[in-house]
Amino acid sequence: MFISSSISIEDQHRITTCELNMPRRLLLGPGPCNVHPRVLSAIGAPQVGHLDPSFLELMDEIQELLRYTWQTDNALTLAISGTGSAAMEATLANMVEPEDVVLVGVKGYFGNRLVDMASRYGADVRTINQIWGQPFTFEEIEKALEEHRPKILALVHAETSTGVRQPMEGIGDLCHKYDCLLLVDTVTSLGAVPLFLDHWKIDLAYSCSQKGLGCPPGIAPFTMSSRAVEKLEKRKSKVGNWYLDMNLLTKYWGNERVYHHTAPINMNYALREALRLVAEEGLAHRWDRHRGNAELLWEGLGEIGLKCYVPMNYRLPTITTVLIPDGVDGKIVPRKLLHEYNIEIGGGLGDLAGKVWRIGLMGYNSRKENVVLLLGALERVLHDIGFKK
Ligand code: PLP
C-alpha cells in the first residue's frame, strides 16, 4: 500500500463498474458496420512485438492486399495507425507546401473537411461547389483546372453525407494535362464500389477500415503514386506533421524497418483478415454483392413509400440517402429502430441534416437478410407513427 505523510490517494474517481456488456446492434448507418466474425477473432490473436519478424511479414501482406483492393501497383501503400481522417490528413500533410494551390471539389460534408485540412497546412485553397446530391461533370472539373491551375485536385469519390458517387473516368488524364496531382477520398468505396486507382491515374488515396472492409475503426489505408512521391522528395519544407510524415513512415513499412511509433498490432491483424476476405471473395463478386443488395434495398424502400435522394446513375451502393417524408419527425424513426429493433441507421449531415436518413450496407453487413430485416422494421415503425404512403 502506498503511504505518504503528505499525499493521500483520493478514491472519488475509483468507481466500480460492471463487466463490459454492450448491446448487440445491427449497424446499418454510415459506419462503423458490424465486423465479420473472422475479423473479430483475428483481433484476439496472440500479441507480438511491432518489430517481430512475424509482424513485419504481416505488414507486407497488408500492403500487397491493399494494392489488390485498390487496383494499384503503388510501392508506397500502407496502413496508417488512426482512422480515415488520419489517412486523409496524411495525404495533405505530405503533399501540401505553403502557398500550393489546392483545388477541392465540395459536394458534401467531407469535401469541406478536405478544405479545412488543406488550409491548416498553408495551402492556397480554392473550391468548386456542387449541390449536395449531385456529382461534378467532367466539363466543370476541366473548367476549374483551367481557371485555378492547382498543384493538387482533391475529390471525394463516395460522399458519405449525400450518397453520391463521383464518376472518375477521364479525370486523371485531365490532371496530367494540367500538371496536377489527383487526390481521392475512397473512404466509402474501398472494398465495395468499383475502384481502379492506377487506371484512373489517381495519385493519392486514403480510406478507412470500418466501412467496405468490414473491420473496426482505427486503422486506415493510404497510398501514393510515384508522381506524388516525386513531389514529396522535392519538398523545400519539412512535412508539417511528424506522426504522418511518409519520409519516416516508409522507413518502418519499407525495407529499413526503423521504429517510428508502436503500431496497433491487433488492429493490423484485423485489417489483414478483412483484406484476406476481400481477396477470397474477389473484387468483382464483392462489388456485385454490394450493388445487388443496394438494389434490393432501393426497391423495398419504394414499396414502403420512401424515396431515395440521389438519382440512380450516381447512387452509391454503400450508403443510401432516403428522403424523410413530409410530416414525419426525422429523429423519431432512427430512435425507434434503435430502441425497439436494435438497428442503427444514420441521420443527415450538414446541408442534409433533418432532410434524409442514411442507410449503409457495407462489407459484412451487405447481406440480403439485413435488407429484409431493416425494411420490415422500418415499415413497422412508419406504421406505428402513422405514416401513410
Ligand atoms: N471521408 C469520408 C467520405 C467519410 O465518410 C469519413 C467518415 O465517415 C471520413 C472521411 C473520415 O473517416 P473517419 O471517421 O474514419 O476518421
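The centres of domain 1 and domain 2, taken over C-alpha atoms, sit 27 Å apart in this predicted model. Domain 1 is made of two stretches, 26-32 and 283-384, while domain 2 runs over 37-279; these bounds come from an automatic or database domain assignment. Residues are numbered from 1 along each chain as its sequence is written. In this predicted model, local features need pLDDT of at least 70 and side-chain atom pairs count only at pLDDT 80 or more, totals for chains, interfaces and linings use all residues, and side-chain values use heavy atoms, with hydrogens and water left out.

So how do the two domains meet? On the domain 1 side, 26 residues are in contact with 33 residues of domain 2, where contact means heavy atoms within 4.5 Å. The size of an interface is often given as the accessible area lost when the parts come together. Here about 2,400 Å² is buried between domain 1 and domain 2, and carbon and sulfur atoms give 67% of that (buried area is the accessible area, with a 1.4 Å probe, that two parts lose on being put together, summed over both). Leu283, Trp287 and Tyr314 supply 28% of what domain 1 buries against domain 2, more than any other three residues.

As for polar links, 12 residue pairs across this interface are in polar contact, both residues being at pLDDT 80 or more. A polar contact is a pair of N or O atoms within 3.5 Å; within protein, one must be able to donate a hydrogen and the other to accept it, and residues adjacent in sequence count only if both atoms are side-chain atoms. On the side of domain 1 that touches domain 2, the elements giving two or more residues are α10 (283-303) and β11 (319-323), and α10 gives the most, with 4 residues. Helices (H or I, at least four residues) and strands (E, at least two) are DSSP runs, numbered from the N terminus.

Next comes the ligand. Among the residues surrounding the ligand are Thr83, Gly84, Phe110, Arg113, Thr160 and Asp185, each with a heavy atom within 4 Å of it. A polar side-chain atom of Thr83 lies 2.6 Å from a ligand oxygen, and Gly84 brings a backbone N or O atom to 2.9 Å from an oxygen of the ligand. For Thr160, a side-chain N or O atom is 2.3 Å from a ligand oxygen.

Most residues other than glycine have a negative phi, and most peptide bonds are trans. Gly31 and Pro32, though, are joined by a cis peptide bond with omega of about 5 degrees, and Pro32 lies in the loop between β1 (26-27) and α1 (37-43). Glu99 has a positive phi, near 80 degrees, and lies in the loop between α3 (84-95) and β3 (101-106).
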